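Here's a quick briefing on a ligand site and a helix pair. Have a look at the model first, then read on.

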Amino acid sequence: MNGPVVSAVSLGCMGMSGAYGQSDDTVSIATIERALELGHNFLDTADYYRTGHNEELIAQAIKGKRDKAFLSVKTGQLIAPGGTGPINTHPDYLRNAVMYSLQRLKTDYIDLYTPARVDPTVPIEETVGALADLVQKGVIRYIGLSEASAASVRRAAAVHPITALQIEYSLWSRDIEAEVLPTIRELGIGLVAYAPLSRGFLSGEYKTPEDIKDNRARMPRYQGKNFYKNLELVEKIRTLATEKGCTPAQLAIAWVLAQGDDIITIPGSKQIKHLEENIAAENVQLTKQDLQSIEAIMPAGIVSGTRYPEMFMNALNR
Ligand SMILES: NC(=O)c1ccc[n+]([C@@H]2O[C@H](COP(=O)([O-])OP(=O)(O)OC[C@H]3O[C@@H](n4cnc5c(N)ncnc54)[C@H](OP(=O)(O)O)[C@@H]3O)[C@@H](O)[C@H]2O)c1
């Protein structure tokens with residue numbers, strides 16, 4: 001691995017801009033400030049998280065301490081009347097979007113810049129070529145990809161070194177283990193594992209589908225019979241966590257970290273309480289026996305329901 005060294009448990013900021021219910025900007029800013037104070041520097045955002053609101057929050061939190069933060073910014077996800085639009089990673093779009101991000105973040109460089117999905121209408125070589133120009137100009141430091149297939153990662157890495165692949169990876173989302181993970185390991189690319197708690201479910205805090213009143217209600221894992229089958233799995237994780245003296249969320253995060261030193265994880269939290277609990281997962285040491293016990297109750301593929309609604313699934317693994 002030749003990339004930058006960042007904190008193993010970092011902070012996903014998406015929920016601070018309304019992705020999962022209400023948020024309070026003052027509390028969110030305090031959470032980001034606390035992450036930096038604890039030396040957990042990698043902050044994950046996107047220019048489309050409430051159309052720049054998330055970046056503006058981060059700008060307030062990092063004011064006067066830009067050097068303490070490692071800014072990971074995703075881009076290219078368009079919005080459309082009524083909801084999510086297509087992806088756009090055309091060079092012109094990226095060159096324009098990055099300048100707006102710099103303004104909102106009140107900084108003159110972004111550490112890691114990542115197209116949110118592979119754009120089927122633009123050869124990935126062109127996308128990465130444009131990002132390589134931005135590296136040359138000092139506007140961004142490193143190039144990332146997100147939810148890309150092994151083949152796309154290879155094509156991209158042939159144009160310019162790719163520092164990280166951001167992709168969903170958790171006890172319940174293990175598709176990458178077959179092909180994507182071995183490929184990025186071969187190419188020396190780090191993994192930024194997002195949604196390590198399967199959007200909060202693995203924390204064990206939700207008891208019925210009615211507890212979820214936000215975007216997640218559209219996700220198959222959170223619906224009807226799937227919800228209750230998945231809840232049974234969470235209760236088994238809770239038992240293991242209790243035996244281990246940690247919380248279910250910490251066990252889920254520790255499992256991700258135990259999959260390799262080339263993996264960092266970005267649990268999302270808008271609350272200091274959760275941030276601190278998640279960071280403490282770094283101290284949960286899972287033995288070989290623990291990992292076998294987890295595997296026995298939760299083998300790959302056991303979860304009920306896909307990780308996204310049908311309409312978003314075809315944008316993955318392109
Ligand atoms: N590349 C992509 O396509 C993509 C897609 C989705 C997300 N992401 C990034 O990944 C980050 C993390 O993913 P995510 O937020 O979707 O899912 P996640 O990290 O699996 O779960 C976040 C949810 O779990 C809750 N939570 C966090 N820590 C907890 C704890 N210790 N106990 C109980 N509940 C806890 C949060 O609530 P509170 O906020 O109330 O703490 C939030 O509702 C995002 O913030 C975003 O930066 C990237």
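Start at the ligand: one of its oxygen atoms sits 2.6 Å from a side-chain N or O atom of D44, with polar contacts taken as pairs of N or O atoms within 3.5 Å. Bear in mind that this is a predicted model, where local features need pLDDT of at least 70, side-chain atom pairs count only at pLDDT 80 or more, and totals for chains, interfaces and linings use all residues. Residues are numbered from 1 along each chain as its sequence is written, and side-chain values use heavy atoms, with hydrogens and water left out.

**Ligand contacts**

**The shell**
- There are 32 residues around the ligand, and Y20, D44, G268, S269 and H274 come nearest (near means a heavy atom within 4 Å).
- Helix α9 (residues 272-279) gives the largest share of that shell, three residues; helices here are DSSP runs of H or I, at least four residues.
- By class, the shell has 13 nonpolar, 11 polar and eight charged residues, with Gly counted as polar.

**Helix pair α3/α4**
- The axes of α3 (residues 91-105) and α4 (residues 124-136) come within 9 Å and cross at roughly 35°, using lines fitted to C-alpha atoms over the stretch in contact, with angles from 0 to 180 degrees between N-to-C directions.
- P91, L94, R95 and V98 of α3 meet E126, T127, A130, L131 and L134 of α4 (heavy atoms within 4.5 Å).
- That contact has six nonpolar, one polar and two charged residues.

Key:
Helix = DSSP H or I, 4+ residues; strand = E, 2+ residues; numbered from the N terminus. Polar contact = N/O pair within 3.5 Å; in protein donor to acceptor, adjacent residues only side chain to side chain.
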